[in-house]
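Morning, everyone. Please look at the model on the screen.

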Amino acid sequence: MAVDDVSDRPLVEKNLKNVLKSAIRAKDLVRQILAFSRKTNHPRSPMSLTPVILETVQLLRASIPTTIEISLLNTASSDTILAAPVEVQQVLMNLATNASLAMQEKGGTLEIGLADIGFTPDSPIPDAVPGEYIQLVVKDTGIGMSPDIMRRVFEPFFTTREPGKGSGMGLAVVYGIVRDLQGTVTVESEQGVGSTFRVFLPRARTEVEKEQVRTGRASEGHERILFIDDEPMLAEWGRAVLERLGYTVAAFTDSGEALKIFASDPTRFDLAITDYTMSGMTGVKLSEELLKMKPNIPIILCTGHSEAVSPEIAKEAGIKEYLMKPLAKEELARAIRHVLDVG
């Protein structure tokens, strides 16, 4: 909103955009951390490895010493596999964290690469099923491992770190995820030189559709919107942003009050946007009550991080769109036009 207000002051606008860029980066890092921490089963679909690797490297860069240089190399003709992004993040985070620990005293280079590889029936790679694979390589220039340690490195609870400083589960998790993805993983190491982990994942036949880059101003409209968030600052933000886009907005911090206003005249509103976690009534429960009174009203549910709600739960409740906080104006504007114009 501040950026919009200072378009005639280029220096202030530039500084505000840098602040906004940093905030968006923080949002992305937190999202990655939350995704990484979830221990649930994740639906798998064709996915491109490169964007996930770039996101994970961004997270790594914020958490490993600056004495460690990160080098990326991609020679793969296709990087599509069948997996869930969080699984790839867990594999890469565990391998890269392990590599950074091997270089924590003297620093070094962490190399992450993608390459094509094919396996034949007589392939020397253990447990490799013949076919086309993508090779994910994580290489460090750290202290390396002895042959005895290297043989046990994927064993659960095996660790060379001091008591209390390592669970010995990181590489075991890597092995488990890779095997579950119908792949395999190998390790090469030399003491004083470094270690190289190679993850071989079957290439998916289906290519991932490239996301269209959206440009231009946020979509505008003239519909009537009911906006509910129990945080006053966010309720005010929603009202102000949507009014600037041309909408007529009634904003509430009390879900019960919002429900009463809606019940007095359901035809007054064309769309409802609600937070999920609110005192007294969740966004899903509120949505169900609104739909009882006006079955065709489109609803957008917004949430931070909650184990109690998901896109699937929202859809089952009749909610049209599910957005993760914090929201950007453009993201909210696109969702509004989508549910109103497409349905």
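First, a term: contact means heavy atoms within 4.5 Å. Helices (H or I, at least four residues) and strands (E, at least two) are DSSP runs, numbered from the N terminus. Now the ground rules. This is a predicted model, where local features need pLDDT of at least 70, side-chain atom pairs count only at pLDDT 80 or more, and totals for chains, interfaces and linings use all residues. Residues are numbered from 1 along each chain as its sequence is written, and side-chain values use heavy atoms, with hydrogens and water left out.

Overview next. The protein has 11 helices and 12 strands. Of its 343 residues, 43% count as buried. Buried means under 20% relative accessible area, exposed over 50%, partly exposed in between, with a 1.4 Å probe and protein chains only. Take the contacts between residues at least 6 apart in sequence: 68% of them join residues at least 24 apart.

On to helix pairs. Two packed helices are described by the angle between their axes and the distance between the axes. Axes are lines fitted to C-alpha atoms, for helices over the stretch in contact, and angles run from 0 to 180 degrees between N-to-C directions.

Start with α7, residues 232-244, and α11, residues 329-342. They pack at an angle of about 70°, with axes 11 Å apart. That makes α7 roughly perpendicular to α11. The cut-offs: under 35 degrees is roughly parallel, over 145 roughly antiparallel, 65 to 115 roughly perpendicular, and the rest oblique. The crossing of α7 past α11 is right-handed. Handedness is left if the near helix is turned anticlockwise from the far one by less than a right angle, and right if clockwise. Who touches whom? W237, V241 and L242 in α7 meet K329, L332 and I336 in α11. By class, that contact has five nonpolar, no polar and one charged residues. Here Ala, Val, Leu, Ile, Met, Phe, Trp, Tyr, Cys and Pro count as nonpolar, Asp, Glu, Lys and Arg as charged, and the others, Gly among them, as polar.

The contact includes L49, V52 and I53 from α3, and P85, V88 and Q89 from α4. Its residues divide into 10 nonpolar, three polar and one charged.

The axes come within 9 Å and cross at roughly 145°. The crossing of α4 and α6 is left-handed. Among the residues in contact are E87, Q90 and V91 of α4 and G170, L171 and V173 of α6. The classes: seven nonpolar, four polar and one charged.

Now burial. In α8, residues 255-264, the buried residues are S255, A258, L259 and F262. Seen down the axis, they fall within an arc of 100°, so they line one face of the helix. The arc is that of the directions from the helix axis to the C-beta atoms. On the face turned away sit the exposed residues K260 and S264. Cover for the buried residues of α8 includes β8 (224-228), β9 (248-252) and α9 (283-293).

Zoom in on A258. Its relative accessible area is 1%. Leaving aside neighbours within four places in sequence, A258 is in contact with L226, I228 and F252.
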